[in-house]
Amino acid sequence: MRYTHRLPELTFELGTIVFSPGIRAGLLSSSRLQPYLDHVLECHAATDFGIVSRAMRFDNVLAALMDTGQLTSRFFITPTICPPETVVIVTTHLDERTTTIRFASEQL
(Lines give C-alpha, C1' and ligand atoms only; values in the text may rest on other atoms or scores of the structure.)
Protein backbone atom coordinates (compact mmCIF):
# COMPACT_ATOMS: atom_id res chain seq x y z
CA MET A 1 0.00 0.00 0.00
CA ARG A 2 1.33 3.41 -0.95
CA TYR A 3 1.68 5.98 1.82
CA THR A 4 -0.43 9.01 0.89
CA HIS A 5 -0.04 11.33 3.87
CA ARG A 6 2.57 14.06 3.73
CA LEU A 7 5.43 13.64 6.15
CA PRO A 8 6.67 16.48 8.34
CA GLU A 9 9.12 18.85 6.70
CA LEU A 10 12.25 16.78 6.19
CA THR A 11 15.12 18.47 4.48
CA PHE A 12 18.24 16.77 3.27
CA GLU A 13 20.81 17.43 0.59
CA LEU A 14 21.07 15.11 -2.39
CA GLY A 15 24.76 15.93 -2.71
CA THR A 16 26.61 14.59 -5.73
CA ILE A 17 24.41 12.52 -8.04
CA VAL A 18 26.03 9.22 -9.09
CA PHE A 19 24.59 7.08 -11.89
CA SER A 20 25.26 3.34 -11.89
CA PRO A 21 26.70 1.73 -15.03
CA GLY A 22 23.23 0.44 -15.93
CA ILE A 23 21.69 3.89 -15.64
CA ARG A 24 24.48 5.41 -17.75
CA ALA A 25 23.89 2.78 -20.45
CA GLY A 26 20.14 3.34 -20.23
CA LEU A 27 20.58 7.08 -20.73
CA LEU A 28 22.47 6.41 -23.95
CA SER A 29 19.82 4.05 -25.30
CA SER A 30 16.58 5.69 -24.13
CA SER A 31 15.62 9.33 -24.59
CA ARG A 32 12.71 8.86 -22.17
CA LEU A 33 14.88 7.83 -19.22
CA GLN A 34 16.34 11.27 -18.35
CA PRO A 35 12.96 13.00 -17.80
CA TYR A 36 11.82 10.01 -15.72
CA LEU A 37 14.96 10.15 -13.56
CA ASP A 38 14.48 13.91 -13.07
CA HIS A 39 10.95 13.21 -11.81
CA VAL A 40 12.15 10.40 -9.52
CA LEU A 41 14.82 12.66 -8.00
CA GLU A 42 12.25 15.39 -7.37
CA CYS A 43 10.00 12.86 -5.61
CA HIS A 44 12.89 11.51 -3.53
CA ALA A 45 13.99 15.01 -2.49
CA ALA A 46 10.38 15.82 -1.51
CA THR A 47 10.29 12.72 0.74
CA ASP A 48 8.03 10.75 -1.59
CA PHE A 49 9.95 7.50 -1.24
CA GLY A 50 7.82 5.61 -3.74
CA ILE A 51 7.07 1.96 -3.13
CA VAL A 52 8.82 1.08 0.12
CA SER A 53 7.85 -0.83 3.24
CA ARG A 54 6.75 0.90 6.42
CA ALA A 55 10.01 -0.13 8.04
CA MET A 56 12.05 1.46 5.25
CA ARG A 57 9.92 4.61 5.41
CA PHE A 58 10.56 4.77 9.17
CA ASP A 59 14.30 4.31 8.61
CA ASN A 60 14.26 7.08 5.98
CA VAL A 61 12.49 9.53 8.28
CA LEU A 62 14.82 8.71 11.16
CA ALA A 63 17.89 9.13 8.94
CA ALA A 64 16.64 12.50 7.68
CA LEU A 65 15.88 13.72 11.20
CA MET A 66 19.27 12.56 12.49
CA ASP A 67 21.10 13.69 9.31
CA THR A 68 23.03 10.43 9.23
CA GLY A 69 22.67 7.08 7.46
CA GLN A 70 20.83 6.65 4.20
CA LEU A 71 17.45 7.28 2.61
CA THR A 72 16.18 4.84 0.01
CA SER A 73 13.38 5.21 -2.53
CA ARG A 74 12.03 2.66 -5.00
CA PHE A 75 10.02 3.55 -8.08
CA PHE A 76 8.49 1.35 -10.74
CA ILE A 77 9.52 2.14 -14.30
CA THR A 78 7.26 1.31 -17.22
CA PRO A 79 8.69 -1.13 -19.77
CA THR A 80 8.41 1.49 -22.53
CA ILE A 81 11.00 3.74 -20.89
CA CYS A 82 13.98 1.39 -20.54
CA PRO A 83 13.23 -2.28 -21.14
CA PRO A 84 13.74 -4.75 -19.49
CA GLU A 85 14.18 -2.74 -16.26
CA THR A 86 11.21 -2.49 -13.89
CA VAL A 87 12.45 -0.65 -10.76
CA VAL A 88 14.72 2.32 -10.11
CA ILE A 89 16.33 2.67 -6.68
CA VAL A 90 17.52 6.04 -5.37
CA THR A 91 19.75 6.06 -2.28
CA THR A 92 21.04 9.18 -0.56
CA HIS A 93 24.06 8.51 1.64
CA LEU A 94 23.86 11.41 4.09
CA ASP A 95 27.31 10.85 5.58
CA GLU A 96 28.96 10.84 2.15
CA ARG A 97 26.73 13.58 0.67
CA THR A 98 25.99 11.50 -2.44
CA THR A 99 22.87 10.13 -4.09
CA THR A 100 23.11 6.97 -6.19
CA ILE A 101 20.58 6.00 -8.83
CA ARG A 102 20.52 2.41 -10.06
CA PHE A 103 18.24 -0.23 -11.47
CA ALA A 104 17.06 -2.89 -9.03
CA SER A 105 18.70 -5.53 -11.22
CA GLU A 106 22.16 -4.09 -10.50
CA GLN A 107 24.26 -5.27 -7.59
CA LEU A 108 25.44 -2.76 -4.99
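Which helix holds phenylalanine 58? Phenylalanine 58 is found in helix 3, residues 54–66.

## Basis of the model

This is a predicted model, in which local features need pLDDT of at least 70, side-chain atom pairs count only at pLDDT 80 or more, and totals for chains, interfaces and linings use all residues. Residues are numbered from 1 along each chain as its sequence is written, and side-chain values use heavy atoms, with hydrogens and water left out.

Helices (H or I, at least four residues) and strands (E, at least two) are DSSP runs, numbered from the N terminus. Buried means under 20% relative accessible area, exposed over 50%, and partly exposed in between (1.4 Å probe, protein chains only).

## A nonpolar patch

Phenylalanine 58 has 55% relative accessibility, so it counts as exposed. Together with Leu62, Leu65 and Met66, Phe58 makes a nonpolar surface patch of about 460 Å². Patch residues have over 30% relative accessible area and no salt bridge; like charges are joined within 9 Å, nonpolar side chains (Val, Leu, Ile, Met, Phe, Trp, Tyr) within 5 Å. A salt bridge is a side-chain nitrogen of Lys or Arg within 4 Å of a carboxyl oxygen of Asp or Glu. Areas come from the Shrake-Rupley method with a 1.4 Å probe; for residues, only the protein chains shown count as cover.

## Helix 1

Helix 1 covers residues 21–29, and Gly22, Ile23 and Gly26 are buried there. Seen down the axis, the buried residues of helix 1 fall within an arc of 95 degrees, so they line one face. The arc is that of the directions from the helix axis to the C-beta atoms. On the other side of helix 1, Pro21 and Leu28 are exposed. Cover for its buried residues includes strand 1 (16–19), helix 2 (33–45) and strand 4.

## Helix 2

Helix 2 buries Leu33, Tyr36, Leu37, Val40, Leu41, Cys43 and His44. These fall within an arc of 160 degrees, so they line one face of helix 2. They pack against strand 1, helix 1, strand 2 (70–76), strand 3 (87–93) and strand 4. Just after helix 2, threonine 47 takes a positive phi of about 65 degrees.

## Strand 4

Threonine 98 sits in strand 4, residues 98–103. Its relative accessibility is 16%, so threonine 98 counts as buried. Not counting residues up to four places away in sequence, threonine 98 touches Leu14, Thr16, Thr91, Thr92 and His93. Contact means heavy atoms within 4.5 Å.

Threonine 100 also lies in strand 4. At 23% relative accessibility, threonine 100 counts as partly exposed. Threonine 100 and phenylalanine 19 are 81 residues apart in sequence, yet 5.9 Å apart in space, C-alpha to C-alpha.
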